Amino acid sequence: MQKTLVRLPFRQNAHAEIGGKIILPAATKGRLHKRMGPVMKINEKPVQLTTRSGLELKVRRARPDDAAALTDLFRSITQEDLRFRFLSGLNVIGADQIKAMTSSDSSNIESYLVFLAHGTVVATGMLACDAAGERGEVAISVHGEHHDEGIGWTLLAFLAKRATDRGLSVIESIENRGNRAAIQVERDSGFVVQPLPGDATLVLVRKMLKPA
């Protein structure tokens, strides 16, 4: 039996809209399976990361007071990247979407901002977990002027570690087939690419975190 994906794209048939591709049925909101590991708290200190090119980054949970910074970040992201992230023709990220990415009340959703050393926000990423604590979906957006710097790869590795720390068995992402750059990053990170049933324009990329 095929399991239901842990996401709802930003589309008309979505049950809930949480930062674009991330989706959780309403029944899972606020529920946290007892086997899941610790959640990174909003007020925790930023995590220091270094890309493969040596670029120093800081990553922390998004907060309500990050709304303006996140809005500015999405204004810097190309229209094509917005289409790939939200799987729609969305041109502007509205206040409701920004609020969902900075003020989620669900313990199953972790939203992060990535900063350069001097404080500029250059990326955002989300991890959404199912209520059973088995599966999660990741979604990442990178500033349009900071592609090819290893930021997406490094953030994906960070989210995969967060998923592992929480005890998830698998992480997934839904990608437009045209998003070749992101799909290649995911392949390089150990994800397997497969068709998404019911939509020939999309693929499912999946990484097992535990033995099957």
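Trainee: Among contacts between residues at least 6 apart in sequence, what percentage join residues at least 24 apart?

Mentor: The structure is a predicted model, and its protein chain holds five helices and eight strands. Taking contacts in the protein chain between residues at least 6 apart in sequence, the share that joins residues at least 24 apart is 64%.

Trainee: Which residue of strand 3 stands opposite Arg-61?

Mentor: Strand 2 also pairs with strand 3, residues 109-116, in the antiparallel sense and over five bridges. In this pairing, the residue of strand 3 that stands opposite Arg-61 is Tyr-112.

Trainee: Which residue of strand 8 stands opposite Gln-194?

Mentor: Strand 8, residues 202-208, pairs antiparallel with strand 6, residues 170-176, over seven bridges, and there Val-170 stands opposite Met-208. Strand 8 is also joined to strand 7, residues 192-195, by four bridges, again in the antiparallel sense. Strand 7 and strand 8 form a hairpin with six residues between them, in whose turn Gly-198 has a positive phi of about 95 degrees. In strand 8, the residue opposite Gln-194 is Leu-204.

Trainee: Which residue follows helix 2?

Mentor: Helix 2 has as its buried residues Asp-81, Leu-82, Phe-84, Arg-85 and Phe-86. Their cover includes helix 1 (67-75), helix 3 (95-102), strand 4 (121-129), strand 5 and strand 6. After the helix comes a residue whose phi is positive, near 55 degrees, and this residue is Leu-87.

Trainee: Is Asp-148 buried or exposed?

Mentor: Asp-148 lies in the loop between strand 5 and helix 4, and although Asp-148 is not a glycine, its phi is positive, about 60 degrees. Because its relative accessibility is 83%, and the cut-off is over 50%, Asp-148 counts as exposed.

Trainee: Which residues are the closest to the centre of the largest pocket?

Mentor: The largest pocket has a volume of about 690 Å³. Of the 31 residues that line this pocket, the closest to its centre are Val-142, Asn-179, Ala-181, Ala-182 and Val-185.

Trainee: How many residues of the lining of the largest pocket are charged?

Mentor: Helix 2 (79-86), strand 5 (135-142), helix 4 (151-165), strand 6 and helix 5 (180-188) each supply at least two residues of this lining. By residue type, the lining divides into twelve nonpolar and nine polar residues, while the number of charged residues is ten.

Definitions and conventions
Residues numbered from 1 in each chain as written. Predicted model: local features only at pLDDT ≥ 70, side-chain atom pairs only at ≥ 80, totals over all residues. Heavy atoms only, no water. Pairing = 2+ DSSP bridges. 1 Å grid on protein atoms, 1.4 Å probe; cavity = no way out; pocket = protein on both sides within 12 Å on 5 of 7 lines; lining within 4 Å. Points joined across faces, edges and corners; volume = space filled by probe spheres on them. Nonpolar A, V, L, I, M, F, W, Y, C, P; charged D, E, K, R; others polar. Contact = heavy atoms within 4.5 Å. Buried < 20%, exposed > 50% of the residue type's maximum accessible area, 1.4 Å probe, protein only.
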